[in-house]
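This report concerns the aromatic side chains of the structure shown below and the contacts made by their rings.

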Amino acid sequence: MGAKPVKNLAEAPVVVIIGGGYAGCKLAKALDAEFNVVMIDRKDYFLHNVGTPRGMVDTEFMKKLMIPYSALLKNGHVIKGQVEKVTDNEVHMQGQDAPITGFKYLVLATGTSYAFPYKVPHSESQDVLPQYSEIATKISKAKNIVCVGGGSTGLEAATEIACKYPATKVTIIHSRPKLFDDGTFKQAFGDKLEEHLSRGFPNVTLIKDDRLLPVEADGGEVAAQAKYVEPAGGKVSTQKGVTIECDLLFWCVGGRHNFSSYEEHFAGAMEKNGQLKADPFLQIVGHPRVFVAGDISTAGPFGTVGCAGDHAACIAANIKLNHKDSTMTAYKPSKPMNATHLGTTYGAGCMAGPFGTQIVMGHKMVQMIKADCFADNTWKDLGHAGAFGEKSVDSPDAQHLQNLLHMSEADAEKLAAGLTVQEDGSSDHT
């Protein structure tokens, strides 16, 4: 039997959200009581990728990072399908004869694609764990592992491996002279992380101010979007001539904005890197009532769950204000914050302090607040009682979708059932 709203929202406008990541989910939940929300994602689960550096070495923990959407909305609908093209007034989906129309507001929150195992291209949750089981086995057998990138992802991946396998040699290759030296955080933060690396991880080597040369594997050169690499000959080299023993290599850099669905219609508002230019109210410049959230927005700061949440809160408030013909409020980004754990023992954080200062947090505080990588809280944020809470889900009611989105009965039934997503490795994924 199809799921129906518990609240009568017959007169409420329709809000379509493209992307079920951190921004999309928070926004959908914030609007669910007052608007007809339709959130579209190519996956049938939410991936809590904050914890995937631990999930790559612990398959049981990885199970906590795939969260059903079933408890997110009480009135709205979560739809599984691949969006191929969007305009101000239409959403074209793979496998559907006619576009989705009938919405008043559109929000693009398609996020970024990132190399496995930090994000995954799989649309079906049943296909995810076998991939993590495979990589966990490869990690357990490798003697020399290289992580490219000295940001939070690279540091956390390398130290999770080093903690679990202290006999494995792990090398981090970082292109800058110091960790976190781009000016976002006070340098004491990066210095603290480097100090903890040398103090607590004798099997980890940090190579700074150098870059990896193109990597060869069986079959030729491997792109940085590959899920992982087993280099030919068991070695890799850097631009400065350092040769490193390497059985297994992970790319911890190189996120790509998911822009294929909007690059045609919104080309005039798109930056070269695929981001969309946001006005002060987080609408796409030149496109009123089309909002942009998360990594694909130029509003920044970028690449954090906190930023995605701030965008969602601002857009939710502005949709409510616009619907009432009230003046919308400008987006004010929060001060940047970072908490990077190093395995299960060390780490550091940096947050805003009084009078424009920044406070560096120690490893005990970071380990305490990131004990489970926020997994349990994320389950609760998506409406569950806690990890592994509610898992059952009914399909959306086709008749309700047909009325909301002005579509044929056949299209509504396909949409309600969840459209099949082609996984050819070239599609965007959130």
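## Aromatic pairs

The model contains six aromatic pairs, where rings of Phe, Tyr and Trp (its six-membered ring) pair if their centres lie within 6.5 Å, and planes under 30 degrees apart count as stacked, over 60 as edge-to-face and the rest as tilted. Tyr22 and Phe46 are edge-to-face, because their planes stand at 90°, with the ring centres 5.0 Å apart. This pair links distant parts of the chain, 24 residues apart: Tyr22 belongs to helix α1 (residues 22–31) and Phe46 to strand β3 (residues 46–47). Helices (H or I, at least four residues) and strands (E, at least two) are DSSP runs, numbered from the N terminus.

Phe201 lies in the loop between α6 (187–200) and β12 (204–207) and Tyr346 in strand β22 (residues 346–352), so the pair ties together parts 145 residues apart in sequence. Both Phe201 and Tyr346 are buried.

## Cluster and charges over rings

One aromatic cluster is formed by Phe180, Phe185 and Phe189.

Lys43 lies over the face of Tyr45, 5.8 Å from the ring centre. The charged end of Arg54 is placed over the ring of Phe61, at 5.7 Å from its centre. A charge sits over a ring if NZ of Lys or CZ of Arg is within 6 Å of the ring centre and within 35 degrees of the ring normal.

## Basis of the values

This is a predicted model, in which local features need pLDDT of at least 70 and side-chain atom pairs count only at pLDDT 80 or more, while totals for chains, interfaces and linings use all residues. Residues are numbered from 1 along each chain as its sequence is written, and side-chain values use heavy atoms, with hydrogens and water left out.

Terms used: Buried means under 20% relative accessible area, exposed over 50%, partly exposed in between (1.4 Å probe, protein chains only).
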